[in-house]
Amino acid sequence: MEYDYLIKFLALGDSGVGKTSFLYQYTDGVFNARFISTVGIDFREKRLVHQYKGRNHRINLQLWDTAGQERFRSLTTAFYRDAMGFLLLFDLTNEKSFLEIRNWIEQLRMHAYCETPDIVLCGNKADLEDRRVIKEWRAKEFADKLGISYYETSAATGQNVAIVIDALLEKVMIRMESAVDKAVLPGRRGRSRDLNEPEEYSPVASSSCSC
Amino acid sequence: MVLVESPFAQTTRDGKGIRQVHLGLTPTKLILAADVLPPVSMLDVTYLPGVDPDIETFELVAVYPIECVNLSVFHRRKRQTLKAHFCTDRILYFELGGLVKRNMFWNLWCERVTFLNPEDPGSSRSETSVATSTSNSTLYLLDTKRGVNEAGLHQLWCKFGYGNPVAPKWTDRYLYMGDQLSEPPTNYTPHTDPPTTSEFIREPSQPKSRNRRNVEALKQLVPRHQIGAINRFGSGILDNCKSGLYLKTESSTEGTVSTTQSLDNETDYTRLAENAVLFWESSRNVTQVNRHRRRYGIAPQPHFLYGLGPWGISQGERFSVQVKRAVSAVRTRRQPAEPELRLSISKRQLVSSISCEALHLDGRVAKSWTSLKTPVVFFWTPDYWYRPRSARDAYQELTEHLRKVRQSCQRKKGRRRRNLGFKKGFLCMERRYDTDEDTNSATQTSSTSARDETSVQYLRRLLQLNINLTSWDFDSTTLTCQLTIIDRDLFLKITPAELSVIIWKQTSKSAPNIGAFEAFSHRISCLVATEVLRDDTEKIRARMISRLINAAEKCHKLSNFQSCRSILCGLQSPAVYRLHRTWGYVRKRHSTKYQVFECMCRLYRDPRLSAYQRVFLQKSQSAPYIPSLTDLLLKLLPCHSNGTQNQAEWRSSSTLKRLLSALRMLKMTSTETFETVQSDCLELRDGRRALLNQSVEFLEKSQRAAQKYTMTGNELAGEYLLKARYREERENFLHSLSVEKSNFVYRRTS
């Protein structure tokens, strides 16, 4: 019940790339091949112990599963600014979902808490090797250009699923560490904060996000 | 007490997401809550004792009394959306979210919304057009007035009322012209913009955007002025040819030009071919619009019963139908259409006389022949083809016929002898002979027809329809009760002997009571189809269908499997099945009924399936029930997996016997014992006796259960069910073609 940190992640990507399956595989270790499109936002939780700098942290992970459909776009963007890390998924067997990644990142920059939020790019459905359209080097090159890390995952086999979450967690922890003193996000609870100072946010945020 | 709660996405009417909410329903309140998340910069990540992180940001937004909101299921049911119509005339739409067991929760919500509705939406007439149930109250704010009274106190007068407020209806949902629109426009001059001729001239319709790229490619490649249509088959293929080999064209005004003329170099040719193939494939995808397939919705010959029905088919075909899983075409033997070729007395009657049948009856079976004495149920069929006759009448008919045959034979013989004697008077004799024969046959036909007339007349008198009744005159409960009573009477008349007749003769022709049961079922299904096809508008037809589905459902609830199946067969008959638009209407507007129908169709597809057996077993635990005839008869089908095993057993035992007799170790090798052994083995091989015993047991048990139906019938409904005129399957189908035009209109390409 007790935990040290409450961390919120958001999964993004086109409809049908496997966001729900990915999170389901992570939280429950189950895969269901049937396609049930998510409506609005689905919240799911996982508690874990994460080792960071030699210390154990009890973490309550809130994973928000969003609807990829266009009609829920305005609903889901409202949640962007509240998440600390983003899982950006595309389908390795679907070229369009890969091309859309650029738009997703643009959307994120617009709505998230800062210009360069912590993102992990996942090429999902890696188990469908014979139907693959996106070559690994192509996705990797793309990710490097944007300065985000890239993993090939499979919700069906569970390949890299936990690794991706851990990597994202690591990034968020680093950012939190650096943000503790600078009074930028994500801050610790109980810290006194001056709400009337709007200037505080943007300049420091841009400096802290250079990592 | 919370009845149900789930996450929802609030959407617009078009389904665009607005916000994420959580809805809860109690018997008196509708509760709306949402996650109100602080921006991440103000967010705290550490543990706060006493607060569950799950609901830390979860806040109550509103609690509405249920009297102020009219909760219903949005008519686009695939979207699983609830529509909340508040008394302030605000409408919100909530689409069910969540992932785990979403369908279960959806059903739960639908159920709870129904639960809040005090009146039972049982009959389809009371059902609203969107086929939903709504919660109870609707207090609408009709009017508000603000005023100041004498004391100088400001007051707000609200006028509440029931029913829909007289709100102006907008045809265009994006255009709102203020709430004063209902006032008559006084000084309003409409701005008119007369159309120009160019507006009437439309560009030829473009293909779907998916093809556009390919079409562009084609356009670039092929000079427009030279080629209008690319047609690999000249003009020999229909325009809507299903194989997809026909290429759609932009405009075919220029006519067909052979492709070879326009192409100069070879590279263009290959590229053109590739593009053409691409275009063809994409156009094929376009033509496959996602149609709703209703394979479960058709039952072409429900009373064929694997050859056990009243049709005569050859022995081999019957065997293959019963054994094979995939059924091929069979030829049914019919009587010739021409009346002069028909036998005056049926072949069956000639072949099996009553005494002969009685000889072969078992002692045990023969006893129960006479155990039941209830009056015969007469009902109307076209041309009165269902004409129950007593055994004595049939026997008399037969003897009379035989007597006539004998007489005519004798007369013929005698005449022939006389002909030999009087060769001179051959001509006149012949004439006399002719006339004689004529009169003879005339008397014969007149006599038979007279007898037929009498029985037909009797039936006609009995089944005269005094009042013109339609099924609109009765509600589904009345119909169900009356149908159950009739089916019960018919079912109780079935004797075990008839089962044995069927199992040996493999047709229900010689089993009169089973035949009557079948004929009545056929009558009901045809009647159902006729009733559906009676109305011209699809709305009324859909309403009829939903009412009949209702009746079938009620039969099912009464554990009356037979009547339920009869009604379903009517709804699944080809004539009704092909009314695609009507079914679409039912699916949309009466969708709860449609779901029930679909479910029952799948259930009643084959009574040997485990789903049916499970339901039947469940229902047969409590007393009154009627099994469906199909279930009863299909129990008589030989079980072939067992058969082969038994055959192997038999073979081994006989070889052993042969071996023993050859070794002279088996002493009693007299012929009779061998005969009995053989016959026993034969029976064992078929397993027919065991089957018969089982099904007789089943029959007796269910007859005992069916006797317990006690319900009061409606005389008029009974009259309607027994006497109402209907059309046979074929006529129904032809009528259905005129009611709803076929989509497949073949045109010749010019």
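I looked up helix α5 of chain A, residues 136-146, and found A:Ala139, A:Phe142 and A:Ala143 buried (under 20% relative accessible area, with exposed meaning over 50% and partly exposed in between, for a 1.4 Å probe and protein chains only). Helices are DSSP runs of H or I with at least four residues, strands are E runs of at least two, and both are numbered from the N terminus. Down the axis of α5(A) these buried residues fall within an arc of 95°, so they line one face of the helix; the arc is that of the directions from the helix axis to the C-beta atoms. A:Trp137, A:Asp144 and A:Lys145 are exposed on the other side of α5(A). The cover over the buried residues includes β4, α3, α4, β5 and β6 of chain A, where contact means heavy atoms within 4.5 Å. A:Gly147 follows α5(A) and has a positive phi, near 75°.

The model is predicted: local features need pLDDT of at least 70 and side-chain atom pairs pLDDT 80 or more, while totals for chains, interfaces and linings use all residues. Residues are numbered from 1 along each chain as its sequence is written, chains are lettered from A and ligands numbered from 1 in the order written, and side-chain values use heavy atoms, without hydrogens and water.

Next I searched the whole structure for cavities (sets of points on a 1 Å grid over the protein atoms alone where a 1.4 Å probe fits but cannot get out; lining residues have an atom within 4 Å of a point). I got four of 30 Å³ or more.

Key. 1 Å grid on protein atoms, 1.4 Å probe; cavity = no way out; pocket = protein on both sides within 12 Å on 5 of 7 lines; lining within 4 Å. Points joined across faces, edges and corners; volume = space filled by probe spheres on them.
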